[in-house]
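Here is a short report for a reader new to this structure. Please look over the sequence and the model before reading on.

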Amino acid sequence: MTRSDARPIRASAPGKIIILGEHFVVHDSLAISAAINKRASVLVWPSADEKSIVSYKGTRSYLTKDDHKFVAVKSVARKAMKDFEANERVHIEIESELPPGSGLGSSAAVSVATAAAMLEFFGVKANQENVLKLASPGEAAVHGNASGIDIATSYSGGAILFNRTKGFEPIQTTKQVQFLVVFSNTERNTSELIQKVSSVRDSYPSTFGTLVQSISRFCELGVEAIQKHDLPLLGSLMNLSQTALDWIGVSNSSIEKLIEKINSAGPCYGVKITGAGGGGSVIALPGESSSQKTASTLSQEYRHTFLTDLSQEGLKIDD
Ligand code: MEV
């Protein structure tokens, strides 16, 4: 079944920050993540071209071509075309506010938006189960052994408590918590970092196992801290988890320098890597009265600097 009219289907999904638990979540710890106020959109319409096309800002590539372009979108769209035994051609257009390789969930956002847009294009109502199932190959193509936290956050919006075997639940907030996000301007390769962490686990299984348990406990305390608006506790948990991320080898001197700059720009309860590390982005929990000033100081040197809270919308499909 296909849509007979030529009006594009448009779906959009947010990027994400990981507040506590990245990398350890791959090894089954709990993690806390949240959607951010930057999104990616995917539009799908029937194509008059001889082959299906993916495009972004004037760059076009055939859906079936393996040219390392639009890897996440192509993985998801090819799976959809196969699942629906589609004979027709489609045009898939990407729009994104998320810098790629920044650790802010750009590939998850486009995977979730593509999955939803393709499902709706083929006449199937998008829901949590079918979107996450169809978006998974996009995440796997870019991140290898991904836990699924990025696509779950992008789908759900808001803040979630996630575990790769147990699934996820929303974290209800009464008062907003604002985070500062700064992209270090250094792209990173998540798949390589995940492999690096696995080799640390193989070399130090007992210490690593203790850290997985500790991070899960930090997340339980983190949920309480968010719900009680206990920013000093949440910031301390972020700082402790940064120490663990440093120990597993995903921090580096440019991240440490950025953390120092954030701390000296204004009072912060906590600062840490968000996502895979090795470059990518850093999040901070700034003092409530100083957040704007800290953000504007950092933005002079780091173009992608912004504030976001825990109330951001997840997957959205335009009527
Ligand atoms: C990447 O945003 C988070 C990692 O924990 C990988 C994953 O969980 O899929 C590094």
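## Basis of the model

This is a predicted model, in which local features need pLDDT of at least 70, side-chain atom pairs count only at pLDDT 80 or more, and totals for chains, interfaces and linings use all residues. Residues are numbered from 1 along each chain as its sequence is written, and side-chain values use heavy atoms, with hydrogens and water left out.

Helices (H or I, at least four residues) and strands (E, at least two) are DSSP runs, numbered from the N terminus. Buried means under 20% relative accessible area, exposed means over 50%, and partly exposed lies in between (1.4 Å probe, protein chains only).

## Helix α4

Helix α4 covers residues 149-156. Of its 8 residues, 7 are buried, so α4 is largely enclosed by the rest of the structure. The buried residues are Ile 149, Asp 150, Ile 151, Ala 152, Thr 153, Ser 154 and Tyr 155. They pack against β1, β2 (31-46), α2, α3, β6 (159-163) and β7 (167-170); contact means heavy atoms within 4.5 Å.

Ser 154 sits in this helix. Its relative accessibility is 1%, so Ser 154 counts as buried. Neighbours within four places in sequence aside, Ser 154 touches Ala 13, Pro 14, Ala 108, Ala 109, Val 112, Gly 314 and Leu 315. After α4 comes Gly 157, with a positive phi near 75°.

Ser 147 belongs to the loop between α3 and α4. Ser 147 is buried, at 13% relative accessible area. Its side chain reaches the backbone nitrogen of Ile 149 at 3.2 Å. This is a polar contact: a pair of N or O atoms within 3.5 Å, where within protein one must be able to donate a hydrogen and the other to accept it, and residues adjacent in sequence count only if both atoms are side-chain atoms.

What does Ser 147 contact, leaving aside its neighbours within four places in sequence? The partners are Val 25, Val 26, Phe 162 and Arg 164.

## Helix α5

Helix α5 has 14 residues, 190-203. At 1.5 Å a residue it should span 20 Å, and its end C-alpha atoms are 20 Å apart, which agrees. The expected span is 1.5 Å times one less than the number of residues. At the start of α5, a side-chain oxygen of Asn 189 comes to within 3.1 Å of the backbone nitrogen of Ser 191.

Which residues of α5 are buried? They are Thr 190, Leu 193, Ile 194, Val 197, Ser 198 and Val 200. Seen down the axis of α5, these buried residues fall within an arc of 155°, so they line one face of the helix. The arc is that of the directions from the helix axis to the C-beta atoms. This buried set packs against α3 (128-143), α6 (205-228) and α7 (231-247). On the other side of α5, Glu 192, Gln 195, Asp 202 and Ser 203 are exposed.

## Cavity and pocket

Rolling a probe the size of a water molecule over the atoms shows where empty space is left. On a 1 Å grid over the protein atoms alone, a cavity is a set of points where a 1.4 Å probe fits but cannot get out, and a pocket is an open set with protein on both sides within 12 Å along at least five of seven lines; lining residues have an atom within 4 Å of a point.

The structure holds 1 cavity of 30 Å³ or more. The largest cavity has about 190 Å³ of space. Its lining has 20 residues, and Ile 18, His 143, Asp 150, Thr 190 and Ile 194 lie nearest its centre. At least two lining residues come from each of β1 (9-20), α3, α4 and α5.

The largest pocket has about 670 Å³ of space. It is lined by 27 residues, with Pro 100, Gly 101, Ser 106, Ser 107 and Val 142 nearest its centre. α1 (71-83), β5 (90-96), α2 (106-121), α3 and α5 each supply at least two residues of this lining.

## Residues with positive phi

Phe 70 has a phi near 55°, a positive value in a residue other than glycine. Phe 70 lies in the loop between β4 (59-62) and α1. It is buried, at 17% relative accessible area.

Glu 85 has a phi near 45°, also positive in a residue other than glycine. Glu 85 is in the loop between α1 and β5. It is exposed, at 66%.

Methods: Grid points are joined across faces, edges and corners, and a volume is the space filled by probe spheres set on the points.
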